[in-house]
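Hi everyone, thanks for coming. Let me put today's structure up on the screen, and then I'll walk you through it.

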Amino acid sequence: NIGLGVFLLVVWTAAVDAMPEEYEKCRLETPLLIDTCIKPLSKYAPYAKVCGGLLNFNCALLLLPVLRGLIKFLNGVRFGTSEQGALATYVPLRKNIIFHKAIARWVFVLAALHTLAHFVNYGLAAEQTLRTFPNRDDPPWFGAVNKAPWVTGGFICIAIFFIYTGAGDAVKHAEFEIFWFSHHFLFLFYVAQIFHGPVFVYWTIVPFAAYVLERVWRVQRGSRKIYLRTVKWIAPVLCLEWVPHDRDWLQF
């Protein structure tokens with residue numbers, strides 16, 4: 001995060017600092033087409049872009065700790081035959097949800113700062129901000145859509161509201177269904193971001209596709225038939241014995 005943030009800050013600060021000179025050059029060279037010249041953005045624009053770039057990285061990272069198949073695979077990675085040769089000895093894979101929550105908190109902070117910086121920049125340089133975002137000089141596949149980043153940004157904020165208000169432990173422990181259904185606004189969150197930023201899809205296509213495929217796999221796996229064979233009360237334990245319809249897929 002630090003490395004990527006510093007790199008983006010240097011690049012975008014240089015780009016914004018060069019805008020006054022580029023505007024004057026455009027104005028002098030094409031006086032009859034001065035309306036096509038883009039005026040400089042405010043000093044807050046680089047910070048908006050830095051937060052946006054960090055959101056690309058962290059939103060991709062956010063999905064990895066909840067990929068059960070990936071965690072299961074990493075738990076099985078070993079280097080040699082000794083107990084110390086397991087990857088799980090050095091990487092706290094069982095704290096994957098704690099890691100997921102930590103990234104989620106950082107995503108929330110970045111989203112708030114990104115939104116704030118963009119609106120402050122808009123307040124100081126409205127016309128040039130709307131002309132710059134989206135970038136029509138080198139547009140992504142949705143770049144020709146007028147005000148697309150602003151509309152999709154609104155959808156992202158709506159998704160954030162429902163996801164985060166339903167994600168607290170107090171809600172999750174008391175009303176799990178609220179947590180479960182509100183968390184499914186993640187699909188609005190990610191799809192809207194694909195239309196929001198030109199490079200977001202390149203950051204998230206692999207983890208998002210992996211998450212969707214795993215969810216499909218979970219549904220298929222959860223629909224397999226399992227039968228209750230016996231019920232025994234051996235005080236103080238209730239013993240339930242289950243038998244899968246197809247024993248081949250269950251290894252215990």
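What you see is a predicted model, where local features need pLDDT of at least 70 and side-chain atom pairs count only at pLDDT 80 or more, while totals for chains, interfaces and linings use all residues. Residues are numbered from 1 along each chain as its sequence is written, and side-chain values use heavy atoms, with hydrogens and water left out.

Let's start with a pocket. On a 1 Å grid over the protein atoms alone, a pocket is an open set of points where a 1.4 Å probe fits, with protein on both sides within 12 Å along at least five of seven lines, and lining residues have an atom within 4 Å of a point. Points are joined across faces, edges and corners, and a volume is the space filled by probe spheres set on them.

The second largest pocket holds about 840 Å³ of space. Its lining has 29 residues, and those closest to the centre are Val 66, Ile 97, His 100, Phe 179 and His 183. Several helices give two or more residues to this lining, including α3 (45-63), α5 (96-124), α7 (148-165) and α11 (200-222). Helices here are DSSP runs of H or I with at least four residues, strands are runs of E with at least two, and both are numbered from the N terminus. Which element gives the largest share of the lining? That is α5, with 6 residues. By class, the lining has 17 nonpolar, 5 polar and 7 charged residues.

In one of them, Lys 101 pairs with Asp 169, with the closest N and O atoms 3.1 Å apart. Lys 101 sits in α5 and Asp 169 in α8, so this pair ties together parts that are 68 residues apart in sequence.

Now compare that with Glu 127 and Arg 131, whose side chains meet at 3.7 Å, N to O. These two are 4 residues apart in helix α6 (residues 126-132), so about one helical turn separates them.

Next, please look at the strands. Glu 241 forms a salt bridge with Arg 229, again given by the closest N and O atoms, 3.1 Å apart. Glu 241 is in β2 and Arg 229 in β1, so the pair links parts 12 residues apart in sequence.

Patches are made of residues with over 30% relative accessible area and no salt bridge, with like charges joined within 9 Å and nonpolar side chains (Val, Leu, Ile, Met, Phe, Trp, Tyr) within 5 Å. Areas come from the Shrake-Rupley method with a 1.4 Å probe, and for residues only the protein chains shown count as cover. The patch is formed by Ile 226, Leu 228, Val 231, Trp 233, Leu 238, Leu 240 and Trp 242, with about 760 Å² of accessible area together. Strand β1 (226-234) and strand β2 (237-244) each supply at least two of its residues, and β1 gives the most, 4.

Note on methods:
Ala, Val, Leu, Ile, Met, Phe, Trp, Tyr, Cys and Pro count as nonpolar, Asp, Glu, Lys and Arg as charged, and the others, Gly among them, as polar. A salt bridge is a side-chain nitrogen of Lys or Arg within 4 Å of a carboxyl oxygen of Asp or Glu.
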